[in-house]
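Biologist: I want to see how the words used for a structure follow from its values. Shall we go through them one at a time?

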Amino acid sequence: MSLPFLRVEGLMKRYPGHSGKLVQPVFEGLSFDIERGRFVCIIGHSGCGKTTILNVLAGLEVPTAGHVFMAGRELGGPSLDRGVVFQSHALMPWLTVRGNVSFAVRSRHPDWSRPRVDAHVEHYVAMVGLSSALDLKPAQLSGGMRQRVGIARAFAIEPKMLLLDEPFGALDALTRGTIQDELRAIVRATAQTVFMITHDVDEAILLADEVLLMSNGPCARIAEIVDITLPADRKRESMHHDPQYYRIRNHLVDFLVRRSKELSTPGAAQFVPAGWRPPRVQPGLDPNPSNPPALNPSFALDPAGSHSNSNPESV
Amino acid sequence: MATMASRSLSRTDRWTAAVLSVCLFALFIAVWQLATSPSISTAGASPGLSPGSDTGIAVANDKSSGSPSAEDAEYAKLMGKPVVGADSGALSAGEAKASSGFPRPGEVGRAFLLHLSDPFYDRGPNDKGIGIQIAHSLGRVALGFGLALALAVPLGFAIGMSPLMLRTLDPFIQILKPISPLAWMPIALYTLKDSTISGVFVIFVCSIWPMLINTAFGVASVRRDWLAVAATLEVRPLRRALEVILPAAAPTIVTGMRISMGIAWLVIVAAEMLVGGTGIGYFVWNEWNNLALPNVIFAVTMIGFVGMILDHLFGRLQRWVTWVE
């Protein structure tokens, strides 16, 4: 059996407490794999260390314990192999859109001529639909456009893996939907491996191939991996007609509302054996869940929600 | 429509402000003229005294030169005090003179015309045009400021990037910063043994602190996001310093430069008064020793104008490097 594209082994992060007091780790005992070309979302409540995990994968933070291997080699610091899209877009405000993207391209290809860099930049800016804004500064762009530039910058270095830290968190629902569709189209076209943090269950279902569910911190861990078994060509507008959608959605919401808390009982993690891997579940393929999760009314955005929950086949 | 209205309104406001400024200046000149006019302060001034103060001075000089305490009388007159012990004729003339001891707007205006009509003449060490004097001062400021810039920016980078450096150098900065630059003058004169170099050194010492502190602060507060971007793109340290940290900190650094330049222009006048030789500060001191108050007022105004232009230039630079988020 060949090694997976990305392997995380026994990851643990503990931040130093006041006056050297030993505090509980943010998360511990994280072990999971990501196969090449998969889109993986990670969901969990605030404070469970999602951003820390992403920073460790990006090489920006060093874990207290554990290892990350990519393509069979252990990570050692940040690298052009992993492109990062930051939550706060992190564009440099003194550079234009072109300047921001070409800063990344020139880092990747310092030997390239100027016209070649320009052509490359223009290709990736066109990919996110911002050709008309090439020579504008970030301050002249809307929030959605800025985030698009951040995505173009990450894609332009053609990384082996893309890390997205809640890229759409600060956007309004309409813009978010549009950019999600764009991101999905680009990722599918380029077969990019993606690791993305999100708080949005629907976003995860739309975009991801699999969702990592994290229990609450401290001592957070990945409780299980949910395979999103919806067809790969799913669309935002038709996705909720699929009976699988509500099963998956209910499973995720139930986890966030109820189980993430129960799983985080103090000291629970110390009974987890070393090298333990989270179970993989496929709630979408289970027409009669043994433990039917109750749909929290506050999460029922669609009136069809409760209906399909009671009788999924009728949809 | 609303924007048009507000724009035209603001233009009107600008015109109003300009007109008011001119009015204020005219008012100031009028008050000055009235305050220095002899007919106001001495109601019974002899009508035979000619209005031109030059003649007034000449008359006063003629009268008082004969008196036993000629220098005392002259000094008292110039200080605006009535002359004691002079004969009655001289007294009345002295009183008239005392009221006009401060130069009137007309005299100062003549001094402006005289100096500005030929700003670059050079007739020996003590008689140079105002342009040459200002050029000397600006040269010293540029040299001292340039040296300070060359040291402050790299050092500020080091301090801003390394908390260890900050902690190490902080006590020295804290102690050296509040020292008046002129207090360095004796040490500089003794060590450097040259008044011009000492002047440059004093400018260097006074302009380094705002630039150093602002550079360190600007570099230390570069957003971590941008550094993270640079890290994930494997940007090398030199390129990171030049293409990320420098533009990010540029507005703060230029603000420091602007403050430094303001201080340097304040200090150069005082320094040149001390060391003498050339420069606008020496010119002021020299004209004071000549008791040529119109020239002093002219020079003081020139100092203000040059300072304004310098500040304006750095304001432009500041706008150019400032980015908006």
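Modeller: Start with handedness. A crossing is right-handed if the near helix is turned clockwise from the far one by less than a right angle, and left-handed if anticlockwise. This is a predicted model. In chain B, H11(B) and H12(B) cross in the right-handed sense.

Biologist: What makes H11(B) and H12(B) roughly antiparallel?

Modeller: The angle does. Helix H11 (residues 224-232) of chain B and helix H12 (residues 237-275) of chain B cross at roughly 165°. Angles over 145 count as roughly antiparallel. So H11(B) and H12(B) are roughly antiparallel to each other. Their axes come within 11 Å.

Biologist: Which residues meet there, in H11(B) and in H12(B)?

Modeller: From H11(B) come Trp226(B), Leu227(B) and Ala230(B). From H12(B) come Arg240(B), Val244(B) and Ala248(B). By class, this contact of H11(B) with H12(B) has 5 nonpolar, no polar and 1 charged residues. Arg counts as charged.

Biologist: At what angle do H7(B) and H12(B) pack?

Modeller: Helix H7 (residues 130-161) of chain B and H12(B) pack at about 145°, with axes 9 Å apart. H7(B) passes H12(B) in a right-handed crossing. The residues of H7(B) in the contact include Gly144(B), Phe145(B) and Phe157(B). Those of H12(B) include Met257(B), Trp265(B) and Glu272(B). The contact of H7(B) with H12(B) has 13 nonpolar, 3 polar and 2 charged residues.

Biologist: Now chain A. What makes E2 and E5 the edges of the sheet?

Modeller: Look at the order. The open sheet of 4 strands in chain A runs E2-E1-E4-E5, with antiparallel pairing. Strand E2 (27-34) and strand E5 (73-74) of chain A each have a single partner strand, so one side of each is left without a neighbour in the sheet.

Biologist: How do you know that E1 and E4 of chain A pair?

Modeller: Count the bridges. Pairing needs at least two. Strand E1 (residues 6-13) and strand E4 (residues 65-70) of chain A have 5, in the antiparallel sense. For Glu9(A), the bridge partner in E4(A) is His67(A).

Biologist: How many residues of domain 1 of chain A are in contact with domain 2?

Modeller: The domain assignment gives domain 1 (35-62 + 77-81 + 159-314) and domain 2 (92-158). In chain A, 12 residues of domain 1 are in contact with 15 of domain 2. Helix H5 (residues 173-190) of chain A gives the most to the domain 1 side, with 5 residues. That side has 10 nonpolar, 1 polar and 1 charged residues.

Biologist: And how many residues of chain A are in contact with chain B?

Modeller: 18 residues of chain A are in contact with 15 residues of chain B. On the chain A side, H2(A) gives the largest share, 3 residues. That side divides into 14 nonpolar, 3 polar and 1 charged.

Conventions. Residues are numbered from 1 along each chain as its sequence is written. Chains are lettered from A and ligands numbered from 1 in the order in which they are written. This is a predicted model: local features need pLDDT of at least 70, side-chain atom pairs count only at pLDDT 80 or more; totals for chains, interfaces and linings use all residues. Axes are lines fitted to C-alpha atoms, for helices over the stretch in contact, and angles run from 0 to 180 degrees between N-to-C directions. Helices (H or I, at least four residues) and strands (E, at least two) are DSSP runs, numbered from the N terminus. Angles under 35 degrees count as roughly parallel, over 145 as roughly antiparallel, 65 to 115 as roughly perpendicular and the rest as oblique. Two residues are in contact if their C-beta atoms, placed from the backbone, lie within 7 Å. Domain bounds come from an automatic or database domain assignment.
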